[in-house]
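Please look over the sequence and the model shown here before reading the report. The sections below treat some contacts, the nonpolar cores, a helix and the confidence scores.

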Amino acid sequence: MNSFLNTQKVQGLGLKHKNKEILLNQLEKKYNYLIEIEKQKDEFLSIVSHELKTPVTTIKAFTQLLQKRFEHKGDYETANYLAKMDAHTDKLVDLVQNLLDVSRIQAGKFKFYEDVFDFDKLIKETIENLQIIAGKHKIVKKGSVKTLVLADKYRIEQVLTNLITNAIKYSPNASKVIIHISSDEDKIEVGIQDFGIGIPKKEQEKIFGRFYQVRKNRKTGFSGLGLGLYISNQIIKRHKGKFWLSSKYKQGSTFYFTLPITLHSRLVKNSFNIE
Amino acid sequence: MGKIIWVVDDDLGILEVVKIILEEQGFKVIAIDDCNLIKKRISKKLPNLILLDILMKGNDGQEIAKYLKNNKRTKDIPIIMVSADHKAEEKTIKAGADGLLKKPFNINDLINIVKKHLKDKKSSVN
């Protein structure tokens, strides 16, 4: 009897082992399939982004060409319409760029190209570019840092643009956005303050998540993919800075980020991947 | 006579608008939509500067740039890579090109980068 039971037990174990093997096999196949799909998705996003940028380049160049010609003729009203058209084309480019960036972050291929640049100058140029599309919002700068930083200028500009355009977008009844800039020995600190709808406490942790706005925009009525904060957070983290917010619901928000000044001491490299 | 610029891109829209913009600045622009023509053209009159797209159908701008930079006759011609490729910086460095203009660009950036590289090199190739 005992030997019969033992045989049954062994057979049962064998069966369990076999089932486990089949399950593991199925899981492995599913895993590989998902990896492949993810890879294809990233490649597809990269191609789509690249293909979209080509016609956008032509549209922007012709728009700017027309703008210059109207300015030359003294028709500043038409030139201004074209400047707005150009600025809104940039918004479209940003959208495409964000999709591409997210696909790169997901694939672990988000690259940075460091350079030494004048931080105050970057702030000034970014404000000038954004003031064109800011409408009634006046973008006010408070403070300066008078220092050079070693960072990816394009990416830091991307963070600034994202935060300032968000500040404008989420404060439709306000008339200004304030950019606070300060520094100490170790870091530069930037705060972008709006006087808009604010963010409830329970939402504050979630807003740095990918696609967060997509899930929320039906309720809030604001459009967007919700990628900007996720990407900005990634950019600042990779520069070894901090990113946070202070917000009161219906009173406004201030988004802060820091950039370490210790970056100065590092050698300028043409290209490197911060992973 | 204005300096000669070759604009190499497989997108006819970009070729057209870049040609107009640079001609308004007094340059003589030759638009080339087929990379294969470059190798034939370098035996004739050379340009003062080349704007070269990186990703073209059936052609690799990076390889063309390397070829030109390794050729005695053309190695001193400033080459500015123009691209929407997300690896454009890397490719520009690897190709040994002199500059990069990212698509989409502002026309002032286009004009400035062309003038800067022409001034820097004061190309004697002609």
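## Contacts of one isoleucine

Leaving aside neighbours within four places in sequence, with which residues is A:Ile179 in contact? The list comprises A:Ile123, A:Ile127, A:Ile139, A:Val140, A:Lys141, A:Lys142, A:Ile164, A:Val190, A:Gly191 and A:Ile192, where contact means heavy atoms within 4.5 Å.

This is a predicted model, in which local features need pLDDT of at least 70 and side-chain atom pairs count only at pLDDT 80 or more, while totals for chains, interfaces and linings use all residues. Residues are numbered from 1 along each chain as its sequence is written, chains are lettered from A and ligands numbered from 1 in the order in which they are written, and side-chain values use heavy atoms, with hydrogens and water left out.

## Nonpolar cores

A:Ile179 is also one of the residues that touch the most other members of the largest nonpolar core, which has 43 residues; such a core is a set of buried (under 20% relative accessible area, 1.4 Å probe, protein chains only) Ala, Val, Leu, Ile, Met, Phe, Trp, Tyr and Cys residues joined through side-chain atoms within 4.5 Å. Helix α4 (residues 153–169) of chain A gives the most to this core, with 7 residues. Apart from it lies another core of 24 residues, including A:Leu65 and B:Ile5.

## A buried threonine

A:Thr63 lies in helix α1 (residues 2–73) of chain A, helices being DSSP runs (H or I, at least four residues). A:Thr63 is buried, with a relative accessible area of 4%, and touches A:Leu82, A:Met85 and A:Asp86, not counting residues up to four places away in sequence.

## Confidence

The model scores ipTM 0.86 and pTM 0.64. Chain B averages a pLDDT (the predictor's confidence in each residue, from 0 to 100) of 89, and 94% of its residues score at least 70.

Terms used. Buried < 20%, exposed > 50% of the residue type's maximum accessible area, 1.4 Å probe, protein only. Helix = DSSP H or I, 4+ residues; strand = E, 2+ residues; numbered from the N terminus.
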